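We will go from stop to stop, selecting something at each one.

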Amino acid sequence: MKSKGKAGSLKSPTPPLQGLSDYAREARKGAVAPFSHFKVGAALLTVDGEIITGSNIESATYGLTLCAERIAVFKAVSEGFRKFSAVAVVADSIKVTTPCGSCRQVLWELCGDIWVHIANLRGQKRTMRLSSLLPEPFDKRFL
Ligand code: THU
């Protein structure tokens, strides 16, 4: 699928963001997860309605693995996008998967307090602000 596209009616920064989750679900198919077999897709929404997707890519070293969320945000920022309103994350988990700590930090620094819309393949979903997942964050304001 295209790595970015117009979100159309998804321009609203407020939940629900079902359409964005559909992009994350599709992006999940691009995951390279031969070690965990846990495929994750992410879709990042810019304030202008662009969508940039990512999927997790694993390394045989394990430690060099990158999550879907960080792939999406690094792709987006490297392509020049700077202002974001939401990210959707989809995985095939029993409970909906929340972003890991590293992704929370990177998303905070590059996207700010965006909406985080998480869903699994069973139709369960939750939406929250990134600040609720990363209270009292460290960022450039302290430097
Ligand atoms: N993973 C993600 O891509 N995003 C998350 O929010 C949680 C974890 C990936 C990393 C690794 O490839 C696999 O899921 C298992 O941890």
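Select His 37 to begin: at 64% relative accessibility, His 37 counts as exposed, where exposed means over 50% relative accessible area, buried under 20% and partly exposed in between (1.4 Å probe, protein chains only). You will find His 37 in the loop between helix 1 (18-27) and strand 2. Helices (H or I, at least four residues) and strands (E, at least two) are DSSP runs, numbered from the N terminus. His 37 is not a glycine, yet its phi is positive, about 60 degrees. Most residues other than glycine have a negative phi.

Before moving on, a word on the model: it is predicted, so local features need pLDDT of at least 70 and side-chain atom pairs count only at pLDDT 80 or more, while totals for chains, interfaces and linings use all residues. Residues are numbered from 1 along each chain as its sequence is written, and side-chain values use heavy atoms, with hydrogens and water left out.

Now jump to Glu 136, in the segment after helix 4. Glu 136 also has a positive phi without being a glycine, at about 50 degrees. Is Glu 136 buried or exposed? With a relative accessible area of 82%, Glu 136 is exposed.

**The whole chain**

Zoom out and color by secondary structure. The protein chain has four helices and six strands, and along the sequence they follow the pattern β-α-β-β-α-β-α-β-β-α. Of its 143 residues, 46% count as buried.

Draw a distance from Asp 48 to Phe 81: they are 33 residues apart in sequence and 9.5 Å apart in space, C-alpha to C-alpha.

Back in strand 2, select Thr 46. Thr 46 is buried at a relative accessible area of 3%. Leaving aside residues up to four places away in sequence, Thr 46 touches Ile 52, Phe 81, Lys 83, Phe 84 and Ser 85; contact means heavy atoms within 4.5 Å.

**Strands 4 and 5**

Six bridges join them, and they run parallel. Val 89 stands opposite Ile 118 in strand 5.

Why call strand 5 largely enclosed by the rest of the structure? Because six of its six residues are buried. Show the side chains: Trp 115, His 117 and Ala 119 point one way, while Val 116, Ile 118 and Asn 120 point the other.

**The nonpolar cores**

Select Leu 44 and Ile 114, which have the most contacts inside the largest nonpolar core, a set of 25 residues. A nonpolar core is a set of buried Ala, Val, Leu, Ile, Met, Phe, Trp, Tyr and Cys residues joined through side-chain atoms within 4.5 Å. A second, separate core has 10 residues, including Leu 45, Ile 51, Trp 115 and Ala 119.

**Helix 3 and what follows**

Which residues are buried in helix 3? They are Cys 103, Arg 104, Val 106, Leu 107, Trp 108 and Cys 111. Their cover includes strand 2, helix 2, strand 4 and helix 4. Gly 112 follows helix 3, with a positive phi near 75 degrees.

How values were computed: Two strands pair if DSSP finds at least two bridges between them.
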